[in-house]
Amino acid sequence: MFSHEIHCQYYSQEDLLGAGCLDIRMAMQAAEEAIIAFDQGDVIFPDKIVQIFNDDTQERINCLPATFKTRKICGVKWVSVFPPNPVKHGIQNLSAVIILSEIEHGFPIAFMEGTLCSNVRVGSMGALAAKHLARQDAETIGFIGAGEQAKMHLIAMKTALPSLKRCFVAAKLPSEEAQFLKEMSPILSDMEIVACDSDLRRAVVDADVIVTATSAQAPLLKAGWIKPGAFYSHVGGWEDEFAVAKLCDKIVCDDWETVKHRTQTLSRIYQAGEMTDADIHADLVDVLMGRKPGRENNEERIYFNAVGLAYVDVAIAVAMYERASEAGMGQDLKIQHEMIFEHAHLKDWVRV
């Protein structure tokens with residue numbers, strides 16, 4: 001009799017962290033390879049399924065699948081975004097799980113905590129853009145926002161730009177800035193991290209790299225604060241005034257066709273008729289492939305907007321799975337021992 005057991009590996013967040021999966025270089029490489037694979041037609045990437053439970057707060061759960069045909073791996077990210085959670089319940093606003101399957105037989109190979117992967121993907125995309133679009137001698141980075149995405153972006157930007165020496169952070173509450181310093185200072189002990197007491201201008205006015213990572217839907221970043229040569233990584237939805245994009249010499253997106261139909265700042269400018277396709281310098285893949293130039297001089301202000309591409313999440317999840325598997329982390333998860341009608345005790349279990 002053939003064995004009909006099906007197993008996969010389960011990886012908690014702690015398993016992944018313990019295996020060294022919070023590795024931005026690994027994630028950047030996986031992201032770049034995925035973007036090029038998609039450009040070459042090697043990725044199946046269906047539309048995501050969005051279930052919004054509250055239009056006002058945008059509480060939602062999304063289902064985002066992707067398949068890498070050459071690697072023969074299919075994955076899906078199941079991610080919940082509940083913006084009121086931190087204030088209302090004192091808990092995180094994003095949580096995710098990821099399932100990976102091989103496509104020779106179609107069986108699952110891994111079930112993983114996905115919040116780490118999701119956050120690493122956001123940071124690594126910003127870092128990948130910075131590698132090509134920021135000044136390589138950048139020394140100062142400024143943050144508006146001090147949450148999980150800001151923290152991940154700091155690690156990512158320091159990885160992409162080792163020259164960074166100083167970090168300024170401004171958040172809605174000084175207590176959030178204090179938590180940022182408490183958590184990030186031990187990780188990046190060679191950086192000076194300065195809390196700005198909610199003074200947004202102070203955080204970014206001298207920054208070579210600017211990151212806005214907030215849940216606010218308001219034009220927080222002002223064009224007058226952005227110095228020549230600055231690279232701006234826009235993480236959230238609507239975080240900067242329209243004049244910021246109009247000031248910048250180049251605008252690069254992870255995927256402009258996706259961005260322009262969303263509710264981010266660039267989307268709003270486009271939908272207001274104040275921006276056209278011609279105003280976008282490039283998608284990131286065009287820079288990676290050499291079809292369009294990245295930074296060309298030290299005076300350019302460059303705007304990067306990543307809407308989020310779930311096939312990159314899947315690619316990074318695969319890299320995490322391989323590393324965690326090699327490290328012997330995780331645990332066996334038995335899906336089934338036998339097929340349904342092979343069970344000797346099925347007659348005792350059926351409800352008729």
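Axes here are lines fitted to C-alpha atoms, for helices over the stretch in contact, and angles run from 0 to 180 degrees between N-to-C directions. With that in hand, welcome to a tour of this predicted model.

Let's start with a pair of helices. α2 packs against helix α4 (residues 115-133) at an angle of about 75 degrees, and their axes lie 9 Å apart. Angles of 65 to 115 degrees count as roughly perpendicular, so α2 is roughly perpendicular to α4. On the α2 side, the contact involves Ile24, Ala27, Met28, Ala31, Glu32 and Ile35, which meet Val120, Ser124, Met125, Ala127, Leu128 and Lys131 of α4. By class, the residues of this contact are 9 nonpolar, 1 polar and 2 charged.

Together with α12 (310-326), α2 (24-39) is an element that gives two or more residues to its lining. The lining has 16 residues, and those nearest the pocket's centre are Ala30, Glu33, Arg71, Ala315 and Ala319. Sorted by class, the lining residues are 8 nonpolar, 2 polar and 6 charged.

| Strand pair | Sense | Bridges |
|---|---|---|
| β4 (residues 59-68) and β5 (residues 73-81) | antiparallel | 9 bridges |
| β5 and β6 (residues 94-102) | antiparallel | 9 bridges |

On the β6 side, cysteine 74 stands opposite serine 101.

Definitions and conventions:
Residues numbered from 1 in each chain as written. Predicted model: local features only at pLDDT ≥ 70, side-chain atom pairs only at ≥ 80, totals over all residues. Heavy atoms only, no water. 1 Å grid on protein atoms, 1.4 Å probe; cavity = no way out; pocket = protein on both sides within 12 Å on 5 of 7 lines; lining within 4 Å. Helix = DSSP H or I, 4+ residues; strand = E, 2+ residues; numbered from the N terminus. Nonpolar A, V, L, I, M, F, W, Y, C, P; charged D, E, K, R; others polar. Parallel < 35°, antiparallel > 145°, perpendicular 65-115°, else oblique. Contact = heavy atoms within 4.5 Å. Pairing = 2+ DSSP bridges.
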